[in-house]
Amino acid sequence: MTQHMKQKPIFNVHGNDDVAVRQIIGGNVTNLFNLNNVKYTWANKLYRVMMENFWIPEKVSLFDDKRSYTELTPAEQKAYDGILSFLVFLDSIQTNNLPNISEYITAPELNLILAIQTYQEAVHSQSYAYIIESIIPEEKRNAVYEKWREDPVLLERNQYIAEIYQRFLDDKTPHNFARVLIANFLLEGIYFYNGFNFFYNLAARSLMMGTADEIKYINRDELVHCVIFSNMIKEIWRTRPDFFDEKEVYAMFAEAAAREIAWSNHIIGDGVLGITRQSTEAYTKFITNQRLQEIGLEPLFKGFDKNPYPHLEKIADTAGEGSVKGNFFEVNISAYNQSSAVEGWDEI
C-alpha cells in the first residue's frame with residue numbers, strides 16, 4: 001500500500017509544540033501559532049524582512065511607459081506581451097498552490113512566512129494587471145491573458161508546471177510532495193529571471209523604465225521566496241536523507257533549464273538588442289548552477305559560473321544598497337521599503 005502524506009488537522013489536541021520535537025514535515029503540532037518558541041530561526045528573520053517589504057503596485061508610475069511601448073520594435077512588443085503572459089501564470093499558480101503546501105508543513109514559523117508569500121504572489125498578480133491595464137492597448141489586453149490558448153509553446157510550458165502540482169493533489173505521496181517542493185524552488189529560482197532581464201535590458205536603453213521598477217519589487221520578493229524553499233529543502237534533506245532522490249532532483253533542474261531556454265528563445269530569440277540565444281543559454285545555465293549550490297548540490301553545467309548580463313545587475317539592484325544582499329542565502333539579510341528601494345534611473 002502506498003504511503004500518503006498526512007494533512008494537518010485544524011486543531012490537534014494531542015499535538016506537542018515543543019521545539020525539541022518540531023519538524024518541517026511529519027510533525028505533531030497543535031497547529032497553534034506559538035511564535036515565542038521557534039526552532040527555525042531563519043524563518044523568523046525572513047518574517048521580519050517580508051513584513052517590512054510591503055509595497056503597492058500602483059505607487060510606481062507607468063505614465064511614460066505607455067508612450068515608450070509604442071516605440072518598441074514588433075519583436076520587443078511580442079516579447080513584452082508574451083513574458084507578461086507567462087509571469088501572470090507563474091504568480092497565479094503560486095497563489096493557488098502555496099496553501100496546499102502549507103497544509104503539510106508542521107512548523108508554525110514556516111506556515112507564517114508561507115502565508116505572507118501567498119499574499120505577495122497575489123500582489124504580483126495585481127502588479128501585472130496594473131501594467132497590462134496601464135500600458136497595453138485595450139484591444140490587446142485579453143490576448144495577453146489568453147496567449148496560452150494560441151501559443152502551443154506557452155501552453156506546454158504552463159501545463160508542465162501545473163501538472164507537477166496537480167499530481168500531488170491527486171496522489172499525496174511523499175515522492176510527489178518532494179517533487180512539488182523542488183518544482184516550487186525551480187519556479188521561484190529559474191523561471192522568472194530571463195523575463196526579468198528582458199525588462200531590465202529595456203530599461204538600460206531608457207525604455208519601459210516604470211515597468212522595470214515594478215519588476216524590481218517582484219524580483220526582490222522572489223529572491224526571498226527562493227530562500228524560504230532552499231532552507232526548507234536543505235533542512236528536510238538533512239533530517240530525512242531519503243526524502244529527495246538526488247538523481248531526480250538533478251533531472252528536474254536539467255529539465256527546468258532546458259524548458260526555460262526553449263521558452264525564452266521562442267519569445268525573445270535574437271530579436272531584441274542586447275539578448276541573444278547564446279546569452280539566454282549562458283544565463284539560464286549560470287542561474288541553474290547557482291540554485292543547485294543553494295540547496296547544497298554541485299553545479300550541473302560546467303563552465304557556466306559567470307553572469308553574462310553583469311550590466312543589468314545594477315539595474316536589478318539585487319546586490320546593492322537597499323536590496324537583497326549577496327549573502328542573503330546565508331540569511332544575513334537587509335530589508336527594503338517602497339520609499340527607498342527604487343531610487344530611479346539617474347545613475348544609469
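Begin by selecting E248, which counts as partly exposed at 22% relative accessibility; here buried means under 20% relative accessible area, exposed over 50%, and partly exposed in between (1.4 Å probe, protein chains only). This is a predicted model, in which local features need pLDDT of at least 70 and side-chain atom pairs count only at pLDDT 80 or more, whereas totals for chains, interfaces and linings use all residues. Residues are numbered from 1 along each chain as its sequence is written, and side-chain values use heavy atoms, with hydrogens and water left out.

**Salt bridges**

R179 and E248 form a salt bridge, their closest N and O atoms being 3.1 Å apart; the term denotes a side-chain nitrogen of Lys or Arg within 4 Å of a carboxyl oxygen of Asp or Glu. R179 belongs to helix α8 and E248 to helix α11, so this pair ties together parts 69 residues apart in sequence. Helices (H or I, at least four residues) and strands (E, at least two) are DSSP runs, numbered from the N terminus. R179 itself is buried, at a relative accessible area of 14%.

Across the whole structure, the search finds 15 salt bridges. For another of them, select D81 and K140, whose closest N and O atoms are 3.0 Å apart. Because D81 lies in helix α3 and K140 in helix α5 (residues 138-145), the pair ties together parts that are 59 residues apart in sequence. D81 is buried, with 11% relative accessible area, while K140 is partly exposed at 25%.

Now move to helix α6 (residues 147-150), which holds both K147 and E150, 3 residues apart, or about one turn of the helix. These two form a salt bridge with closest N and O atoms 3.4 Å apart. K147 counts as buried at 13% relative accessibility, whereas E150 is exposed at 54%.

**Cavities**

The whole structure contains 3 cavities of 30 Å³ or more. On a 1 Å grid over the protein atoms alone, a cavity is a set of points where a 1.4 Å probe fits but cannot get out, and a pocket is an open set with protein on both sides within 12 Å along at least five of seven lines; lining residues have an atom within 4 Å of a point. Grid points are joined across faces, edges and corners, and a volume is the space filled by probe spheres set on the points.

For the largest cavity, of about 60 Å³, select I83, F86, L87, Y191, F192, N194, G195, E260, W263, S264, I267 and I268. Helices α3 (74-102), α9 (193-204) and α11 (246-267) each supply at least two lining residues, and α11 gives the most, with 4. The lining comprises 8 nonpolar, 3 polar and 1 charged residues, where Ala, Val, Leu, Ile, Met, Phe, Trp, Tyr, Cys and Pro count as nonpolar, Asp, Glu, Lys and Arg as charged, and the others, Gly among them, as polar.

The second largest cavity has a volume of about 40 Å³. Select Y160, I161, I164, A183, L186, Y191 and M252 to display its lining. Two or more of these residues come from each of α7 (152-170) and α8 (174-191). This lining has 7 nonpolar residues, with no polar and no charged ones.

**A pocket to finish**

Finally, select K6, Q7, G26, G27 and T106, which lie nearest the centre of the second largest pocket, among its 18 lining residues. This pocket holds about 310 Å³ of space, and its lining divides into 6 nonpolar, 9 polar and 3 charged residues.
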